[in-house]
Amino acid sequence: MARVVVNVPAEAKRGEVIEIRTLAGHPMETGFRRTQLGELIPRDIIRTLACTYNGVEVFRAELHPAVAANPLVTFTTVATESGTLEFRWTGDNGFSATQSASIKVV
Amino acid sequence: MRFFILLLFPALLCAGEIPPAERKSGYEFMGRETRAMQDDQLTGPAVLWLLDGEALWKKLDCAGCHGDARASMKGVAARYPAVVQGKLVNLEQQVRHKAPQLSYESRDLLALTAYVAHQSRGMPIAVEVNEGSKVYLESGKAFFHSRQGQLNLACAQCHDDNWGKKLAGTPIPQAHPTGYPIYRLEWQTVGSLARRFRNCLTGMRAELLPHGAPELVSLELYLMHRARGMKLESPAVRP
């Protein structure tokens with residue numbers, strides 16, 4: 001099971017810009033490395049991260065082989081209303097992980 | 001002849017343990033971004049291992065004997081390596097005493113060790129030196145100061161005499177094991193002090209001792225004693 005962590009402020013003022021931090025446990029194998037016997041290690045990376053805020057997509061990122069293992073992705077959005085943020089990572093070899101966090105807007 | 005003795009004298013002077021006031025954790029040799037990764041307690045990379053370690057603590061029923069790790073494991077990492085039943089053991093070896101299926105450098109052993117070590121974060125290193133451990137401390141110190149390998153180098157030549165200078169573009173730290181297990185950027189994962197030792201031994205082209213080798217555990221004791229009083233940062237981030 002993939003280990004993912006998100007950090008969203010529990011409470012924010014309406015219209016406030018909030019910082020969201022996401023961390024996903026993943027080796028991000030580039031596909032360019034070889035074993036000591038010279039065999040190519042197949043690529044195994046996270047391809048996308050998407051975040052929806054009450055069902056509306058507010059952030060999407062494409063990840064590439066140059067991204068380090070266990071990628072930390074930080075972004076900002078505007079706190080519009082109380083609700084749930086859903087995060088979804090998808091990648092090679094059927095990799096998929098989801099996480100959600102709730103926010104209270106006052 | 002007298003001339004040669006005069007030439008040698010400064011070389012002899014600079015060898016020796018680093019005075020307490022000049023000791024620096026590897027943290028102080030790092031860049032701003034790497035420090036930020038270590039300081040990030042919520043989304044730093046080592047958090048993934050801490051969460052796994054917490055789950056293993058429950059799964060392996062460590063709590064059955066030790067209760068809540070946050071209370072029972074506080075300060076434990078600052079005291080290891082220690083002599084247990086007549087043998088010097090480091091934190092990894094003590095962590096797997098009831099779970100030998102956790103092999104050295106496996107993700108599970110590193111996660112559980114990191115979780116245990118994390119409970120001592122901020123506490124001063126205080127390994128015990130007594131009749132039982134003295135012999136190990138001496139052999140660790142001898143290992144640190146003896147030249148070895150094809151390059152004929154001793155650990156002390158870099159880490160006591162030339163710390164702060166550059167080796168292949170990166171600063172030479174003082175070799176204080178303040179944050180193990182560490183998340184090392186070069187490894188892209190968490191690793192033990194033994195793994196770090198093996199990196200150095202490879203660089204020195206010396207005999208590559210296996211994980212858990214008594215020489216490496218003695219060296220670990222000497223280095224922890226050398227860093228006594230410094231604050232634990234486990235799990236630290238290092239470049």
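Gln85(B) lies in the loop between strand S1 (82–84) and strand S2 (87–89) of chain B, where strands (E, at least two residues) and helices (H or I, at least four) are DSSP runs numbered from the N terminus. This is a predicted model, in which local features need pLDDT of at least 70 and side-chain atom pairs count only at pLDDT 80 or more, while totals for chains, interfaces and linings use all residues. Residues are numbered from 1 along each chain as its sequence is written, chains are lettered from A and ligands numbered from 1 in the order in which they are written, and side-chain values use heavy atoms, with hydrogens and water left out.

**Backbone**
- Gln85(B), although not a glycine, has a positive phi of about 50°, and at 82% relative accessibility it counts as exposed (exposed is over 50% relative accessible area, buried under 20%, partly exposed in between; 1.4 Å probe, protein chains only).
- The peptide bond from Tyr180(B) to Pro181(B) is cis, with omega near -5°.

**Aromatic contacts**
- Over all chains, the whole structure holds 6 aromatic pairs (ring centres of Phe, Tyr and Trp, the last by its six-membered ring, within 6.5 Å; planes under 30 degrees apart are stacked, over 60 edge-to-face, the rest tilted).
- Among them, Phe29(B) and Trp163(B) have ring centres 6.4 Å apart and planes at 85°, so the pair is edge-to-face.
- Trp49(B) and Tyr183(B) are also edge-to-face, at 5.7 Å centre to centre with 65° between the planes, and both residues are buried.
- Arg107(B) lies over the face of Trp49(B), at 4.2 Å from the ring centre (CZ of Arg or NZ of Lys within 6 Å of the centre and within 35 degrees of the ring normal).
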